[in-house]
Amino acid sequence: MTREYLVRCSSKDEVTYDFIRKKLGTHQYYWDSPDLYSLADLGKSFTGQLQSYLKKLATKCTHHVYCCKKCSSLGFICEYCHNPKIIFAFQLNTTEQCPNCNAVYHKSCKRNNPCPKCIRKEQILSRK
């Protein structure tokens, strides 16, 4: 999920879209189709090599998003609790993304509450 941030990044940091695509080499499908794996990948998954490789790559990518000014500016502030700490959709354990407008909220704040951004959009559209 960090892909959406890195594609937009113009940083010359070593963890940018172009750098990652070059580093992946023949494994570009990890980036383009994250649900697609080769038979060789299946073998590597049994030995733990695939998980280790993907975890290292994901860690580098998320670290870049947290530290890069441009990438971190694409994060969200939870509209329920207004905590100033930026949150991202790829923080799957703690955040939830609205399927309609893509706004991101803390899971603990969102619960079954309606999306504030969607409510605002509906109010604006109803005025027209």
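**Tyr66, a partly exposed residue with a relative accessible area of 41%.** Partly exposed here means between the limits for buried (under 20% relative accessible area) and exposed (over 50%), computed with a 1.4 Å probe on protein chains only. The model is predicted: local features need pLDDT of at least 70, side-chain atom pairs count only at pLDDT 80 or more, and totals for chains, interfaces and linings use all residues. Residues are numbered from 1 along each chain as its sequence is written, and side-chain values use heavy atoms, with hydrogens and water left out. Tyr66 sits in helix α5; helices (DSSP H or I runs of at least four residues) and strands (E runs of at least two) are numbered from the N terminus. Apart from neighbours within four places in sequence, Tyr66 has contacts with Ser72, Phe88, Phe90 and Gln91, a contact being heavy atoms within 4.5 Å. Ile86 is 20 residues from Tyr66 in sequence, and the two C-alpha atoms are 8.8 Å apart.

**Aromatic cluster of Tyr5, Tyr66, Phe88 and Phe90.** Rings of Phe, Tyr and Trp (its six-membered ring) pair when their centres lie within 6.5 Å; planes under 30 degrees apart are stacked, over 60 edge-to-face, and the rest tilted. Nine aromatic pairs are present in the structure. In one of them, the ring centres of Tyr5 and Phe88 are 5.4 Å apart with planes at 80°, so this pair is edge-to-face. Because Tyr5 belongs to helix α1 and Phe88 to the loop between α6 (69-72) and β1, the pair ties together parts 83 residues apart in sequence. Tyr5 and Phe88 are both buried.

**The largest nonpolar core, with 16 residues.** A nonpolar core is a set of buried Ala, Val, Leu, Ile, Met, Phe, Trp, Tyr and Cys residues joined through side-chain atoms within 4.5 Å. Ile20 and Val65 have the most contacts inside this core. At least two residues of the core come from each of α1 (3-8), α2 (17-24), α3 (29-32) and α5 (49-67). The biggest contribution is that of α5, with four residues. Leaving out neighbours within four places in sequence, Val65 is in contact with Thr2, Tyr5, Leu6, Cys71, Ser72, Phe88 and Phe90. A second, separate core has 11 residues, among them Cys101, Ala103, Tyr105 and Cys118.

**Thr62 in helix α5.** The Thr62 side chain reaches the backbone oxygen of Thr59 at 3.1 Å. This is a polar contact: a pair of N or O atoms within 3.5 Å, where within protein one must be able to donate a hydrogen and the other to accept it, and residues adjacent in sequence count only if both atoms are side-chain atoms. Not counting residues up to four places away in sequence, Thr62 touches Thr2 and Phe90.

Following α4 is Gly48, which has a positive phi near 90°.

A disulfide is taken as a pair of cysteine sulfur atoms within 2.5 Å. Searching the whole structure gives zero disulfides. Cys67 has 52% relative accessibility and so counts as exposed. Cys118, at 14% relative accessibility, counts as buried.

**Salt bridge between Arg120 and Glu79.** A salt bridge is a side-chain nitrogen of Lys or Arg within 4 Å of a carboxyl oxygen of Asp or Glu. One salt bridge is found in a search of the whole structure. In the pair of Arg120 and Glu79, the closest N and O atoms are 2.5 Å apart. Arg120 lies in helix α8 (residues 116-127) and Glu79 in the loop between α6 and β1, and the pair links these distant parts of the chain, 41 residues apart. Arg120 counts as partly exposed at 39% relative accessibility, as does Glu79 at 26%.

**Asn100 in the loop between β1 (95-97) and β2 (104-106).** Asn100 is exposed, and its relative accessible area is 63%. Lys117 is 17 residues from Asn100 along the chain, with 9.6 Å between the C-alpha atoms.
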